[in-house]
Each structure stands twice: as structure tokens, then as C-alpha cells.
Amino acid sequence: MTGISGAHRVSAHSGHELIVTAETRPFFEAAARGVLLLGHCADCGSFHYYPRPFCPHCFSDSVDMREAGGWGTIYSFSVVRNVETPYCVAYVALDEGMTLLTNIVRCDIEALGIGQSVRLVTDPDAGDVALPLFTRAGRPG
Ligand SMILES: [Zn+2]
């Protein structure tokens, strides 16, 4: 693909192409290491997802990326069944307050339910870049 620098790979879970640019590469590289990066604004102190070059709350460009705790709950989900290997697409409400669209993997997707606790996991098929994925998990302690 012209005009976009960086790696391209197809998600094993959704079949969607992951397009990585110079701006988004740190985010996808962190996800491949099992780290979820959120955008953080130095001016208003708020977090945002997805990370972007400006704060969506106050439009400041004094933003950087900070590591999320990696825990959340299923806000909504759907199991895609009209494919060879069914997979789960879900909105996960992060402990930090924002919601992200992701896949729930490496668990019984037939047993998933709204409100269940999930944690960030790495994609075993990931190369140097990946999408942040979640699996069902009980809270520690
Ligand atoms: Zn801000």
C-alpha cells in the first residue's frame, strides 16, 4: 500500500488488516508485548483511547502514552459465527474509564457474558505488532 509506512498484518481473530503508521507503531508494538497504551494529556490530566496527536477533551497537543492496568469488564459483545472459526468481538470497559473495541480470545466464547471481568493478553501469533486482545479472567486477590 502506498502512502502508509510500516508493517501490515491480518488479525487471526477477525481477518481485518492491521495498518501501522509511524504514529501508531508504538501502540501496536506495546500491544505485541502485552501492554496497552492509553493517551494521556499533560494539560487536563485526562486519559483517552485511542492515543492520538491531540487531547479529545481539551484539544491540547501536550499528549503522551501511558500504560493501562490491562483490566476491564465486558460492556457488550457478539460472537461471529458465519466463518470457519467463530470469534468474539467485544466492547471492553477499561478500569481507566474508556471503552475499546477488541476481541475476546483464548477462552470459551460460548460462556461469555456482559459484566464479566477480562484482562489484556498477548496474541500468540503476534509478530512485532499486534492488536490489544482480552481474555476472561478473575480479578486477583
Ligand atoms: Zn486535555
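Reader: Leaving aside neighbours within four places in sequence, which residues is Ala31 in contact with?

Author: Two residues are in contact if their C-beta atoms, placed from the backbone, lie within 7 Å. By that rule, and setting aside neighbours within four places in sequence, Ala31 touches Leu36, Ala130, Leu131 and Pro132. Do keep in mind that this is a predicted model, where local features need pLDDT of at least 70, side-chain atom pairs count only at pLDDT 80 or more, and totals for chains, interfaces and linings use all residues. Residues are numbered from 1 along each chain as its sequence is written.

Reader: How many residues does the largest nonpolar core have?

Author: First, the terms. A residue is buried if 20 or more other C-beta atoms lie within 10 Å of its own, exposed if 12 or fewer, and partly exposed in between, with C-beta atoms placed from the backbone. A nonpolar core is a set of buried Ala, Val, Leu, Ile, Met, Phe, Trp, Tyr and Cys residues joined through C-beta atoms within 7 Å. Here the largest one has 23 residues, and Ala31 is among those with the most contacts inside it, together with Phe28, Leu36, Val92, Ala130 and Phe134.

Reader: Which helix and strands each supply at least two residues of this core?

Author: Helices (H or I, at least four residues) and strands (E, at least two) are DSSP runs, numbered from the N terminus. Helix H1 (25–32) and the strands S3 (37–41), S7 (87–94), S9 and S10 (133–136) each supply at least two. S7 gives the largest share, four residues.

Reader: What is the strand order in the open sheet of three strands?

Author: Strands of a sheet pair through backbone hydrogen bonds, either parallel or antiparallel. Two strands pair if DSSP finds at least two bridges between them. In this sheet the order is S4-S3-S5, with antiparallel pairing. S4 and S5 each have a single partner strand, so one side of each lacks a neighbour in the sheet. Five bridges link S3 and S5, and Leu37 has Glu67 in S5 as its bridge partner.

Reader: What kind of peptide bond joins Tyr49 and Tyr50?

Author: A cis one, with omega about 5°. Tyr50 sits in the loop between strand S4 (47–48) and strand S5 (63–67).
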